[in-house]
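Please look through the structure below with the sequence beside it, and follow the paragraphs from one region to the next.

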Amino acid sequence: MVVTQELRRRAFLFGIAAGATGLASRMPPARAADAPSAVCLEWTSAEMLLSLGITPRAVADIAGYRVWAVSPPLPESVLDLGSRGEPSMERIATIKPDLIVTASGYGLDANRLQRFAPVETLKLYEGSATALSDTAREFVRLAAHLGRRPQAEERIAKLSTDLAAMRAELATRKLPRVAVVSLFDDRHARVYGRNGLFQDVLDQLGVENAWTGATSAWGFATVSFEKLVTLGDCIIVSLQPVPANVKIRIQQSRLWAALPAVRRQQVINIPAVWPFGGIAAADRFAGFLRGSLLRL
């Protein structure tokens with residue numbers, strides 16, 4: 001059984017790198033490697049461009065990116081397009097970008113944007129593969145279009161190496177089950193599981209997810225604190241930030257205090273990671289989780 005799981009893990013990681021490389025090799029000839037003037041209508045595309053060494057000209061909701069996604073950091077020179085749901089058309093028209101990058105299921109219909117510049121839509125969370133495989137595939141596809149394929153392949157190879165090294169470290173410990181959550185009020189939590197980026201990272205690290213219930217196509221479910229009680233003996237990994245007013249109410253919540261992990265002081269707080277991000281977000285989450293578990 002252990003051998004079978006290891007073979008599956010290796011096949012999964014090899015599939016990320018080899019499959020993404022194969023896709024890139026079938027792409028049309030790439031542009032010159034000079035960075036284009038690109039705008040991003042959501043945060044995963046911004047993460048990908050920054051990971052390729054390209055600074056976007058503008059990004060939607062910069063303040064939100066710096067709180068919820070954080071890394072790679074956005075330079076101060078990047079312009080704000082306003083809301084991710086309703087970016088400023090006037091600002092896009094003024095910028096006159098070479099490229100607009102967005103993701104399926106987010107924001108405006110690409111047809112409304114074509115008059116400003118060519119649009120690249122990342123196909124993420126569409127159920128065709130795991131979230132991690134999808135984001136690797138789309139990362140390489142975007143990179144090939146921009147003449148940055150080697151950088152993408154190098155970043156994916158680094159993630160594979162990092163995950164393998166972290167898994168080897170964690171294999172020396174008897175690890176508890178974990179429940180990864182975001183806290184937005186004092187009665188409910190967003191818990192991450194099947195279909196999501198975090199689940200893929202947990203699988204590759206050999207860490208068991210305590211949440212095995214249903215999730216959305218984006219890999220999460222919103223549940224009451226009472227539902228978390230039923231998870232039993234596990235560690236809660238809480239993503240930051242937690243809004244200050246929510247944090248105060250949670251500290252006073254009897255429901256929260258009743259959770260086994262809270263009673264046993266088994267709540268780990270980790271810095272913000274964008275749960276719907278790309279290769280960089282996966283590596284960031286894995287690093288924070290690995291460090292927290294090794295300190296137990």
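Which residue stands opposite Asn-269 in β10? That residue is Ser-238, and the two strands concerned, β9 (residues 235-239) and β10, run parallel and are joined by 4 bridges; strands here are DSSP runs of E with at least two residues, helices are runs of H or I with at least four, both numbered from the N terminus, and two strands pair if DSSP finds at least two bridges between them. This is a predicted model, in which local features need pLDDT of at least 70 and side-chain atom pairs count only at pLDDT 80 or more, while totals for chains, interfaces and linings use all residues. Residues are numbered from 1 along each chain as its sequence is written, and side-chain values use heavy atoms, with hydrogens and water left out.

Strand β10 (residues 267-270) has a covered face made of Ile-268 and Ile-270, whereas Val-267 and Asn-269 form its uncovered face.

Asp-134, placed in helix α5 (residues 131-145), counts as buried because its relative accessibility is 1%, where buried means under 20% relative accessible area, exposed over 50% and partly exposed in between, with a 1.4 Å probe and protein chains only. Leaving aside residues up to four places away in sequence, Asp-134 touches several residues, among them Lys-123, Tyr-125 and Ser-128, a contact being heavy atoms within 4.5 Å.

Gly-53, by contrast, lies in the loop between α2 (43-51) and β2 (58-59) and counts as exposed because its relative accessibility is 57%. Although Gly-53 and Gln-151 are 98 residues apart in sequence, their C-alpha atoms are 8.4 Å apart in space.
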